[in-house]
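Visitor: I am new here. Please walk me through this structure, one question at a time.

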Amino acid sequence: MKFYRKIIGERLYLSPFDAEDVEMYAKWAEWMNNKAVADSYGGNCNLVSLSGAKKMVEKFGGYRFAVVLLDGDILIGHVSLHDIDHISR
């Protein structure tokens, strides 16, 4: 999987989240199957399959980014930005 450094910080960067990246889905499904992670999302720990994760991500709106460590280009999460007011910024 190739990441593109769009927004760069001191330790990590944001890369556009591509819905076609099967590897990212698999990793995302692992996060959602972890009770501690699911609790932080305000959800419950239901088992999420790869196909289920794909369907959920396809339904997300807004701008989606992978959160990647600069050191080693390691995927550590994802973020979605919603309801952006383009006029007021």
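Guide: Start with Arg-5, which touches Tyr-13, Leu-14, Leu-70 and Asp-73, leaving aside residues up to four places away in sequence. Contact here means heavy atoms within 4.5 Å. This is a predicted model: local features need pLDDT of at least 70, side-chain atom pairs count only at pLDDT 80 or more, and totals for chains, interfaces and linings use all residues. Residues are numbered from 1 along each chain as its sequence is written, and side-chain values use heavy atoms, with hydrogens and water left out.

Visitor: Where is Arg-5 placed?
Guide: Helices (H or I, at least four residues) and strands (E, at least two) are DSSP runs, numbered from the N terminus. By that numbering, Arg-5 sits in the segment before strand 1.

Visitor: How many salt bridges does the structure hold?
Guide: A salt bridge needs a side-chain nitrogen of Lys or Arg within 4 Å of a carboxyl oxygen of Asp or Glu. The side chains of Asp-73 and Arg-5 meet this way, at 3.1 Å from N to O. Asp-73 lies in the loop between strand 3 (63–69) and strand 4 (74–81) and Arg-5 in the segment before strand 1 (7–8), so the pair ties together parts that are 68 residues apart in sequence. The number of salt bridges in the structure is one.

Visitor: What separates the C-alpha atoms of Arg-5 and Val-68?
Guide: Along the chain, Arg-5 and Val-68 are 63 residues apart. Their C-alpha atoms are separated by 8.8 Å.

Visitor: What is the phi of Asp-73?
Guide: Most residues other than glycine have a negative phi. Asp-73 is not a glycine, yet its phi is positive, about 50°.

Visitor: Is Asp-83 buried or exposed?
Guide: Asp-83 is in the segment after strand 4. Its relative accessibility is 82%, so Asp-83 counts as exposed.

Visitor: Which residues make the nonpolar surface patch of about 230 Å²?
Guide: Patches are made of residues with over 30% relative accessible area and no salt bridge; like charges are joined within 9 Å, nonpolar side chains (Val, Leu, Ile, Met, Phe, Trp, Tyr) within 5 Å. Areas come from the Shrake-Rupley method with a 1.4 Å probe; for residues, only the protein chains shown count as cover. Leu-12, in strand 2 (residues 12–16), has 33% relative accessibility. The patch is made by Leu-12, Ile-74 and Ile-76.

Conventions
Buried means under 20% relative accessible area, exposed over 50%, partly exposed in between (1.4 Å probe, protein chains only).
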